[in-house]
Amino acid sequence: MEKSDFKYFVGVDISKKSFDIAIIEGDDTASFVFDNSQKGTRAFIRLLKNRGIPLESTLVCLEHTGIYGRLVIARLLEKQVNFCVEMSLRITRSLGIQRGKNDRLDAIRIARYAAKNHNEMELYRPVPEILEKVNALLKVRDQLVRFRADLGKHPNELKTFDPELGKHQRHIRKTTKCLNDEIRRMEGEIEALVLSDERLNTTVRLATSVTGIGMFTALYFTIFTNFFTRYETPKQLACYCGVVPFEHTSGSSIQKRSRVHHMANKTMKKQLHMCALAAVRHDPELKAYYERKAEEGKNKMLVLNNVRNKLVLRVCAVVKRQRPYQKSVA
C-alpha cells in the first residue's frame, strides 16, 4: 500500500504502566487510554475494529521508548499493522512551538506528526530474533564492564589516605575476579550465538576483516543497521555514527570550523573511537595517513575522526561486496 493512501492516523504515547492513543479521522480526533499489558494491547486493536477503522488504511506512530514499547510493537506486528517508531526529538521539532504537556496531548501530537509526515516516514521493520538475543547479551556485558571499571577506580588512594579501609581491598579484588569470569562467560555465549547463525557469522567476519574493527563493534554495526539495511548511502551511516563534520558558517560574521553533530549514536561513536586508535597503530595505510596529517599541523582529534569515517566506509564496502577487506599493497 502507498503511504499516501492512509486515511487514519493513530498516535501512541507509551509509559511504563499505560499508553495513550489518539485517532485522527478526518477533522475529528478521539483519545483513549489502555494498560501497558497484553490485555491492554488486545483492547487497543479491538477498539480500532469496533470503530470500523480498517487496519490496512491506518498508520500507527509510536514514540521510541525502549522496552516500554515492546508489548505494543509485538501486537502491531502480530496483526500486520502499518506503523512507525520515531524519535521524540524529531516529533517535537517537526511540530514547532508547543505549550503544555501530558500523555493525552503527546498522543495527539504524535498522531498529527504522522498525518503531516507519513510520506517521508519509514515503516517499522522487525529485527531478526538472533539480533535481539545478541543485543540482550551485549547489554548485560556492557553493564558488567561498567561495574568492573567502577571497582577499578583509584585503587591506591585507600591504602595511602585511609589504611583501615585499604585493608579491605581484597574484597574488591575478589569481586573484580568474579566480574571478569562473568564477562568471559558472557562473551563466550555471544560468540556461540554468532557462530550459530550463518548470516550473522558472515557479516561479522566481513566487518572484522577491516583492520581496527573488532567483533563487538561489528555486532553493534549489524544490530543498529539491521544487517546493514537501514541506510541508503555509507555517508548516512557515518552521520548516524557521529563521525561526519558539518559546516557552521553564516555570512562573514560566523566562521566556525566544521565539527560533528552531538545527535548521534553514542555507542557507535565510542566504539569507532577505540577502533580508530587501533587502526592507526596496526594499519600501515591509516598509520601513514595519521602521521602525515599530524606533521602538517592538523588537529589530531580531527585526523582521528577522519580515520573513524574511513572505517565506516570500509565496513560498508566489504558488506556490500560480500568480500573481506583487502589491504593495499605498497
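Two residues are in contact here when they have heavy atoms within 4.5 Å. The model is a predicted one, where local features need pLDDT of at least 70, side-chain atom pairs count only at pLDDT 80 or more, and totals for chains, interfaces and linings use all residues. Residues are numbered from 1 along each chain as its sequence is written, and side-chain values rest on heavy atoms, with hydrogens and water left out.

As for the overall make-up, the protein has 14 helices and seven strands. These elements are DSSP runs, numbered from the N terminus, with helices being H or I of at least four residues and strands E of at least two. Of the 330 residues of the protein, 39% count as buried. Buried stands for under 20% relative accessible area, exposed for over 50%, and partly exposed for anything in between (1.4 Å probe, protein chains only).

Next comes a pair of neighbouring helices. Helix 12 takes in residues 266-282, and helix 13 runs over residues 284-295. Their axes come within 6 Å and cross at roughly 100 degrees; axes are lines fitted to C-alpha atoms, for helices over the stretch in contact, and angles run from 0 to 180 degrees between N-to-C directions. Helix 12 and helix 13 are therefore roughly perpendicular to each other, on a scale where angles under 35 degrees are roughly parallel, over 145 roughly antiparallel, 65 to 115 roughly perpendicular and the rest oblique. On the helix 12 side, Ala279, Val280, Arg281 and His282 meet Pro284, Leu286, Lys287 and Tyr290 of helix 13. The residues of this contact divide into five nonpolar, one polar and two charged (Ala, Val, Leu, Ile, Met, Phe, Trp, Tyr, Cys and Pro count as nonpolar, Asp, Glu, Lys and Arg as charged, and the others, Gly among them, as polar).

Met274 also sits in helix 12, and this residue is exposed, at a relative accessible area of 52%. Met274 and Ile213 are 61 residues apart in sequence, with 8.9 Å between their C-alpha atoms. A UniProt annotation, from an unreviewed entry, labels residues 206-228 a "transmembrane region"; UniProt positions are given in the numbering used here, feature names are shortened, and annotations may be inferred rather than shown by experiment. Over residues 206-228 the chain is 57% helix and 0% strand, and the end C-alpha atoms are 12 Å apart.

Most residues other than glycine have a negative phi. Phe227, however, has a positive phi near 60 degrees. This residue lies in the loop between helix 10 (215-225) and helix 11 (234-240) and is buried, at 6% relative accessibility. Gln322 has a positive phi too, of about 55 degrees. Gln322 belongs to the segment after helix 14 (300-321) and is partly exposed at 48%.

Turning to helix 5 (residues 129-151), Asp142 is found there and is partly exposed, with a relative accessible area of 22%.

Finally, the cysteines. A disulfide is a covalent bond between the sulfur atoms of two cysteines. With a disulfide taken as a pair of cysteine sulfur atoms within 2.5 Å, a search of the whole structure finds zero. For Cys84, the closest cysteine sulfur is that of Cys61, and at 5.9 Å it is too far for a bond. Cys84 is buried, with a relative accessible area of 0%, whereas Cys178 is partly exposed at 46%.
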